[in-house]
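Reader: Hi, I have a structure open and I'm new to this. Can we go through it together?

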Amino acid sequence: MPLHLKIITPLRTAAEVDALSILVPASEGQLEVLPGHTALITSVSHGELTYRTPSGTTASLFIGGGFLQVENDIALVVTDTALEADEVDPTSISAAIEQARTRLRNESSVLSREDQTRLEASIAKQLAMLEYKRRKRTH
Amino acid sequence: MANLRDIKRRIKSVRNTSQITKAMQMVASAKMRRAQDLALRGRAYISALANVLQHLSASIEQAGTSLMQQREYGKTLVIVINTDKGLCGALNANLLRETIVKTPQDADYMCIGAKLSPTLQRLGRNVRFTFSVSDNMTDVELKPIFEVIRRGFEDGTYNRVLVTYQKFVNVMVQRPNVHELLPVTAEELMEIASMDDIEDSREGNFLLEPTPKDLLTSILPLYVSNMLVQLVLEGKASEQSARMVAMKSATENARNLIAELTLDYNKARQTQITNELLEITTATRAME
């Protein structure tokens, strides 16, 4: 019995597929979920989620931070973003990073602590997205 | 004849109005499709979050997170999600009625959407804040609003946060509804989680990483803020649907009015011609 993987974001259900195994960037490190995994809830950091389909191929998605719940061979990923490699647009991301950096540099006095951490987190996430895209292209 | 000119003028003005309502109908229906889409997709996300949270409920009591705390003291904060602009039928009036009936008199009010704020004030309700959000709203826009709510709840000013909004059922039907945003209750989580088709065994005994407390402190605010986003999205979808329907019936009314006026106009024109003919024949008779 394969696993059932479901990735849900606010904008769409990014994936609803059967998988033999799922590799997730959990907050405590990479985590592989195989059929028969014990019931688990863990937070997930941004990074690449890879899964093996029943036909033997591997597929991957970039996911933002969120949560993973495994129960009865159903893996539910709740995250704010989930993009496939060809949905990642390097130019707009680079622009967004640049914009966030300028804001951090120029408005550091007016920004609240929360805003600063939020900006930094979003830069880190977007850098990871770029890295993911770069890796996919070289393969 | 003055009457003829009057009717003609009225037809023209009605036609102009109908062009405006027609345009507004088109705009609303384009916006509606988007808003509806967002609202329906958001439902899956929020119920997935509720599903995860529900499984954490066993550890909630030990973790003691403030967003689920039931308190005796404190006031009620009511968030009224209404519209910025009118011309959307009875949407705001229905919401107002629901709000007045279902919320305590002495509560503090926060309006998202400017339309109902003056009305509530006139009715003697204490409106503390009024916000406007754009039609293409993103969750970033609601973040400061959520922070205000969260701070108010956590420092004990409020012990209950209610949201009144128009729930989007379908294009023709929007239902005014009251949702208890804070404190988050286990029953609510169960209800929202069951909206989704995710199978649920309710076995419990989950392995929790990193720690139950860490999980809860990140997922609970996420859930509440996304709930607020979701409710605003529902409100937006309702607004655009109601406006489209209202504008559609306005355009139809205008068309009927034009038909009636055109009939009157033609009648008047015929009378005028008959009268002229009568005058001519009388004149020729007199000359014979």
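Author: We'll take the confidence scores, then each chain, then the contacts between the chains.

Reader: Where do these coordinates come from?

Author: This is a predicted model. The predictor gives the complex an ipTM of 0.82 and a pTM of 0.85.

Reader: What is the mean pLDDT of chain A?

Author: Chain A has a mean pLDDT of 85. In that chain, 99% of the residues reach 70 or more.

Reader: And what does chain B average?

Author: Chain B averages 87, and 94% of its residues score at least 70.

Reader: Which elements of chain A have the lowest and highest mean pLDDT?

Author: Helix 2 of chain A, residues 113–138, has the lowest mean, 81. Strand 3 of chain A, residues 21–26, has the highest, 91.

Reader: Why should I care about a low score?

Author: Where pLDDT is low, predicted coordinates should not be read in detail.

Reader: OK, chain A. How many helices and strands are there?

Author: Chain A has two helices and 10 strands.

Reader: What box do its C-alpha atoms fill?

Author: Roughly 55 × 30 × 25 Å, taken along the principal axes of chain A.

Reader: What share of chain A counts as buried?

Author: Of its 139 residues, 28% count as buried.

Reader: Now helix 1 of chain A. Is it in the open or buried?

Author: It lies largely in the open, because the number of buried residues among its 17 is zero.

Reader: What should that helix span?

Author: Helix 1 of chain A covers residues 90–106. At 1.5 Å a residue, its 17 residues should span 24 Å. Its end C-alpha atoms are 24 Å apart, so the two values agree.

Reader: I clicked on S60(A). Where does it lie?

Author: S60(A) lies in strand 7 of chain A, residues 58–63.

Reader: What is S60(A) in contact with?

Author: Leaving aside neighbours within four places in sequence, S60(A) is in contact with E48(A), L49(A) and T50(A).

Reader: How far apart are S60(A) and P2(A)?

Author: They are 58 residues apart in sequence. In space they are 17 Å apart, C-alpha to C-alpha.

Reader: Switching to chain B. What is the order of strands in its open sheet of five?

Author: The order is 3-2-1-4-5, with mixed pairing. The edge strands are strand 3 (126–131) and strand 5 (174–182) of chain B, and each pairs on one side only. The twist averages 20° from one strand to the next.

Reader: What holds strands together in a sheet?

Author: Strands of a sheet pair through backbone hydrogen bonds, either parallel or antiparallel.

Reader: In which sense do strand 1 and strand 2 of chain B pair?

Author: Parallel, over five bridges. In that pairing, I79(B) has M110(B) in strand 2 of chain B as its bridge partner.

Reader: And strand 1 with strand 4 of chain B? Which sense there?

Author: Parallel too, over six bridges. Here the bridge partner of T76(B) is R160(B), in strand 4 of chain B.

Reader: How do strand 4 and strand 5 of chain B run?

Author: They run antiparallel, joined by eight bridges. K167(B) stands opposite R175(B) in strand 5 of chain B. A hairpin of five residues joins the two strands.

Reader: How many residues of strand 4 of chain B are buried?

Author: Eight of its 11 residues are buried, and strand 4 of chain B is mostly covered.

Reader: Last topic: the two chains together. How many residues are in contact?

Author: 24 residues of chain B are in contact with 22 residues of chain A.

Reader: Which element of chain B gives the most to that side?

Author: Helix 1 of chain B gives the most, with 10 residues. By class, the side of chain B that touches chain A has 13 nonpolar, seven polar and four charged residues.

Reader: Which strands pair across the two chains?

Author: Strand 5 of chain A, residues 40–44, pairs with strand 6 of chain B. They run in the parallel sense over three bridges. There, T42(A) has E209(B) as its bridge partner.

Notes. Residues numbered from 1 in each chain as written. Chains lettered and ligands numbered in written order. Predicted model: local features only at pLDDT ≥ 70, side-chain atom pairs only at ≥ 80, totals over all residues. Helix = DSSP H or I, 4+ residues; strand = E, 2+ residues; numbered from the N terminus. Contact = placed C-beta atoms within 7 Å. Pairing = 2+ DSSP bridges. Axes fitted to C-alpha atoms, helices over the stretch in contact; angles between N-to-C directions. pLDDT = per-residue confidence, 0-100. Buried ≥ 20, exposed ≤ 12 C-beta atoms within 10 Å, placed from the backbone. Nonpolar A, V, L, I, M, F, W, Y, C, P; charged D, E, K, R; others polar. Expected span 1.5 Å × (residues − 1).
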